[in-house]
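Here is a short tour of helix packing and a few individual residues, meant to be read with the model open beside you.

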Amino acid sequence: LVRLPAWTRWIVLVPAWVWVANYAETHAPMLAPLLWGLACFTLVNWAATRDLAGRWPRRGLEWLRRTGVISYSIYLTHWAAVWLAFISLRVGFGRIAMTPTIFEYIAQLCFLTVVGYGAGWVFFQLVERHFLNKTAPPQR
């Protein structure tokens, strides 16, 4: 197992990575994906470390654990689902879908998030869960 440096678990670095990644979008676009990846990696590593140490809240976050179980299905389906949802927004709302106000933007973002998550859930239910192990393999 690889032992990562402690800074990869520092939650205070996440806003810094996000700020630097956002800055890089216009000033160093080739670095932006790496920096966004560092922000996500640091956040996930912090959460995983807390979970393994038993310091992750048990109540109210069960949806996050379920998301982890279906995350590969979400990864496989979200791009096509969100693209189709955005096309339907564009057809349904016309030009307003391309130049939204802040309220319309947040509403679109919520809609696209639900569609992407929903497509992953449906794919998991129809396909992926049938390939998962039902029981843990025997320990040797």
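## About the model

This is a predicted model, in which local features need pLDDT of at least 70 and side-chain atom pairs count only at pLDDT 80 or more, while totals for chains, interfaces and linings use all residues. Residues are numbered from 1 along each chain as its sequence is written, and side-chain values use heavy atoms, with hydrogens and water left out.

## Helices α1 and α2

Let's start with helix α1 (residues 13-27) and helix α2 (residues 32-52), whose axes lie 8 Å apart at an angle of about 165°. Helices here are DSSP runs of H or I with at least four residues, numbered from the N terminus. Axes are lines fitted to C-alpha atoms over the stretch in contact, and angles run from 0 to 180 degrees between N-to-C directions. The angle makes α1 roughly antiparallel to α2 (over 145 degrees).

On the α1 side the contact includes W17, and on the α2 side it includes W36; contact means heavy atoms within 4.5 Å. By class, the residues of this contact divide into 13 nonpolar, two polar and one charged. In this scheme Ala, Val, Leu, Ile, Met, Phe, Trp, Tyr, Cys and Pro count as nonpolar, Asp, Glu, Lys and Arg as charged, and the others, Gly among them, as polar.

## Helices α4 and α5

Next come helix α4 (residues 71-93) and helix α5 (residues 102-126), with axes that come within 7 Å and cross at roughly 135°.

The contact of α4 with α5 has 14 nonpolar, seven polar and no charged residues.

## Where are the disulfides?

A search of the whole structure finds zero disulfides, a disulfide being a pair of cysteine sulfur atoms within 2.5 Å. C110 itself is partly exposed, at 46% relative accessibility.

## Two residues to look up

T67, in helix α3 (residues 62-69), is buried at 17% relative accessibility. Beyond its neighbours within four places in sequence, T67 is in contact with I74 and Y117.

Y75 lies in helix α4 and is exposed, with a relative accessible area of 56%. For these labels, buried means under 20% relative accessible area, exposed over 50% and partly exposed in between, using a 1.4 Å probe and protein chains only.

Key:
Helices (H or I, at least four residues) and strands (E, at least two) are DSSP runs, numbered from the N terminus. Angles under 35 degrees count as roughly parallel, over 145 as roughly antiparallel, 65 to 115 as roughly perpendicular and the rest as oblique.
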